[in-house]
Amino acid sequence: TLKIGLLTSGGDAPGMNAAIQAITLAAAHHKLTCYGFHHGYNGLINQDYCILAPDNVTNIIHQGGTILKSARCPEMMTQTGIKQAVSCLIKENIDALIVIGGDGSFNGMLAMQDHWQGKLIGLPGTIDNDLDGTDFTIGFSTAINTAINAIDKIRDTADAFDRVFVVELMGRHSGHIAFNVGVACAAEQIISFENFDPLAQESKLAKIIADIEQQKQNKAHSYLILLAENLWPGGAHALGEALKQQGNIDVGICVLGHIQRGGSPVAKDRILATKLGVAAIEAILLEKSGIMIGECESKITHTPLTKAIQHQKIVNDDLINVYDSTASHMS
Ligand code: ATP
């Protein structure tokens, strides 16, 4: 019988457990043996694994995190590490490896491709939604719901004091989280990669200050600025400080951080993860390799790993238009 290896790598995302469950159950259904490697690629390098049988994956579909644990694995950035990982797959006679993770994790698979003849299948598991070849990544829907719930609470306290708040959101280098959350929370400002040039920092600051003053003159109310991470030099704290110093504005600052990665996956992530997990096993049975399984317009898709990591998936124009037509910003 075929032996399947499975690991979760990089930033964890809600729904990874649902994918692990689906892969384990579908593997059992097709009488394949499933090996779960622990702590990302470290599990291959350290030969740290367990056999995943249906009994091991009961009652996990609703849990955040990953029962296989995730990790960064710097050794994979070296030829020695890659060869160690591959030698574990060869020693255990693994026929196919499924990696649930983001673009970094997919690069790990591509690095192994030169040294291993087995099948390599990627599943998009990241809250950032920054992989091509799938409308949504596993974890994104939960992450935006978590951020929305948190920001609704911030809005309450901001409203009570007619206060300005800067909230920093995750997303690595894309604005999928920022724009979806911003529209869902009716943020007055969204500052993201798609609409902000870091070289135009000073003029942006001046425009925000002018807008806040203008709004105050009309009627005092809370004012929410959502900022994508890795964009404004110094992040939310630097932006908040600049507003205080240059605009004499009382600003609350909140970096939402890792709460966006945790929590029970929402229905959309559970269902997506389950569909993609089953499709991964089906792809292996069809002898596919070097691909990411995704879902576009409700259809399962196979995208070469090299294409999935190209960062071509832009934030939906309609969403940006909605923000442009409804938010209070002056630019
Ligand atoms: P997320 O974006 O959600 O954090 P990710 O999979 O992109 O997920 P990374 O930290 O970029 O997270 O990568 C996870 C792991 O993949 C790394 O710790 C490393 O083990 C492996 N990896 C990343 N890039 C490479 C590469 N170029 N070659 C080999 N392995 C890599």
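Visitor: Why is Asp-162 called partly exposed?

Guide: Count its neighbours: Asp-162 has 14 C-beta neighbours inside 10 Å. Buried would take 20 or more, and exposed would take 12 or fewer, so Asp-162 lands in between and counts as partly exposed. Bear in mind that this is a predicted model.

Visitor: Where is Asp-162 placed?

Guide: In the loop between helix H5 (140-160) and strand S6 (164-169).

Visitor: And what makes the backbone of Asp-162 worth a look?

Guide: Its phi is positive, about 50°, although Asp-162 is not a glycine. Most residues other than glycine have a negative phi.

Visitor: How do you know that Ser-298 is exposed?

Guide: By the count again: Ser-298 has 7 other C-beta atoms within 10 Å. The cut-off for exposed is 12 or fewer, so Ser-298 is exposed. Ser-298 also has a positive phi, about 70°, although it is not a glycine. Look for Ser-298 in the loop between strand S10 (291-296) and strand S11 (299-304).

Visitor: Which residues of H6 and H11 make the contact?

Guide: H6 brings Phe-179, Asn-180, Gly-182 and Val-183, while H11 brings Leu-319, Ile-320, Val-322 and Tyr-323. Sorted by class, that contact has 6 nonpolar residues, 2 polar ones and no charged ones.

Visitor: Which residues of H4 are buried?

Guide: Asp-103, Ser-105, Phe-106, Gly-108, Met-109, Ala-111 and Met-112. The cover over the buried residues of H4 includes helix H3 (79-91), strand S4 (96-101), strand S5 (119-124), S10 and helix H10 (305-308).

Visitor: What does H4 give to the shell around the ligand?

Guide: Helix H4 (residues 103-113) gives the most to that shell, with 6 residues. Of the 20 residues around the ligand, the ones that come nearest are Gly-10, Gly-11, Gly-102, Gly-104 and Gly-108.

Visitor: How does the shell around the ligand divide by class?

Guide: Into 5 nonpolar, 11 polar and 4 charged residues.

How values were computed. Residues numbered from 1 in each chain as written. Predicted model: local features only at pLDDT ≥ 70, side-chain atom pairs only at ≥ 80, totals over all residues. Contact = placed C-beta atoms within 7 Å. Helix = DSSP H or I, 4+ residues; strand = E, 2+ residues; numbered from the N terminus. Nonpolar A, V, L, I, M, F, W, Y, C, P; charged D, E, K, R; others polar. Near = placed C-beta within 6 Å.
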